[in-house]
Amino acid sequence: MTRNHTFIATLQKYMESERFSLPVFNPVSLRIQQELVKKEPNFRTVEKLISGDQSLSGNILKIANSALYRGMAPVATVKSALVRLGMTEVSRIVFVDVNKAMFNSRDAQIDAVMKQLWQHSLGAAFAAGMLSNHLDFGVMQHEAFSAGLFHDIGKLFILKIISEKKLRNKALVVPDELLLEAMDLLHTEQGCLLLRQINMPETFAIVARDHDLPEFDPNNYVLVIVRMANLICRQMNIGLLHDPSLTLLRTPEAIKLRLTSSELDSVQKFLATTSSLLS
């Protein structure tokens with residue numbers, strides 16, 4: 001136990017010193033996301049930023065020309081693709097595209113945990129987006145999706161730090177249980193601090209800080225929706241934690257949202273049939 005406390009205390013000090021020198025996002029992807037999370041993103045700015053990223057622009061064009069969105073004629077420019085897809089769908093595509101790339105490590109142990117964390121983050125994002133669409137609480141779908149995607153970003157930051165330490169010290173061994181304990185204890189505070197540091201909306205920082213608390217603000221509907229999405233993923237074993245005993249419709253979040261069994265079933269069926277969320 002003392003060894004665990006020593007490791008976590010050392011890790012916490014290391015995170016404080018490395019927060020400004022170990023970026024979780026590259027500058028280009030961060031700038032795109034900062035624009036897209038605004039209440040009214042600037043179309044021309046989004047077009048310019050996406051056009052400047054060859055991989056991202058190619059993916060946007062590919063999706064705009066897919067069978068799901070294809071119109072009378074194929075689109076050949078990012079501007080045309082943005083018009084066809086709409087800003088909500090573009091936001092979802094961009095956030096998934098640029099964030100997925102962050103969940104990897106050259107360390108096999110850390111990489112395996114990151115893959116599970118990505119599944120959970122993506123599952124929570126989809127669930128939160130769907131809940132906001134089903135329920136009328138004034139939360140925009142892209143806002144709920146983004147908040148869901150970022151709610152566990154503190155865990156990613158912790159994993160990045162430990163991965164960096166293991167690469168510098170090949171003899172360092174971190175047992176899985178210690179890794180999970182460190183993430184559990186530190187991720188909410190670190191996630192909140194990181195999101196504030198990179199100038200994401202304060203709503204996202206609050207969600208990162210409060211999504212695991214026993215008590216929460218029931219009038220913060222973005223928070224309530226993400227908490228509900230988080231519980232759905234946990235009950236379905238999407239990610240690192242699994243609690244099949246959860247009675248989802250009896251949770252305070254479901255009661256506050258007045259969630260019905262049919263609405264819950266719709267979200268669960270979508271998550272259950274999305275291959276990228278399955279282990």
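This is a predicted model: local features need pLDDT of at least 70, side-chain atom pairs count only at pLDDT 80 or more; totals for chains, interfaces and linings use all residues.
Two residues are in contact when heavy atoms of theirs lie within 4.5 Å.

Where does N230 lie? Look for helix α12, which covers residues 221-235. Is N230 buried or exposed? Its relative accessible area is 3%, and buried means under 20%, so N230 counts as buried.

Which residues does N230 touch once its neighbours within four places in sequence are left aside? They are H120, H151, H211 and D212.

Two of these partners deserve a second look. The side chain of N230 is joined to that of H120 by a polar contact of 2.7 Å. With the side chain of H151, the N230 side chain makes a polar contact of 3.4 Å.

## A look into the largest pocket

Now let's turn to empty space. Rolling a probe the size of a water molecule over the atoms shows where such space is left.

The largest pocket holds about 560 Å³ of space. Its lining is made up of 24 residues, and E89, R92, V96, F126 and F145 are the closest to the pocket's centre.

## Who builds the lining?

Four helices each give at least two residues to the lining of the largest pocket: α4 (54-64), α6 (87-100), α7 (108-134) and α8 (141-150). Which helix supplies the largest share? That is α6, with 8 residues.

Sorted by class, the lining of this pocket has 12 nonpolar, 8 polar and 4 charged residues.

Definitions and conventions:
Residues are numbered from 1 along each chain as its sequence is written. Side-chain values use heavy atoms; hydrogens and water are left out. Buried means under 20% relative accessible area, exposed over 50%, partly exposed in between (1.4 Å probe, protein chains only). A polar contact is a pair of N or O atoms within 3.5 Å; within protein, one must be able to donate a hydrogen and the other to accept it, and residues adjacent in sequence count only if both atoms are side-chain atoms. On a 1 Å grid over the protein atoms alone, a cavity is a set of points where a 1.4 Å probe fits but cannot get out, and a pocket is an open set with protein on both sides within 12 Å along at least five of seven lines; lining residues have an atom within 4 Å of a point. Grid points are joined across faces, edges and corners, and a volume is the space filled by probe spheres set on the points. Ala, Val, Leu, Ile, Met, Phe, Trp, Tyr, Cys and Pro count as nonpolar, Asp, Glu, Lys and Arg as charged, and the others, Gly among them, as polar.
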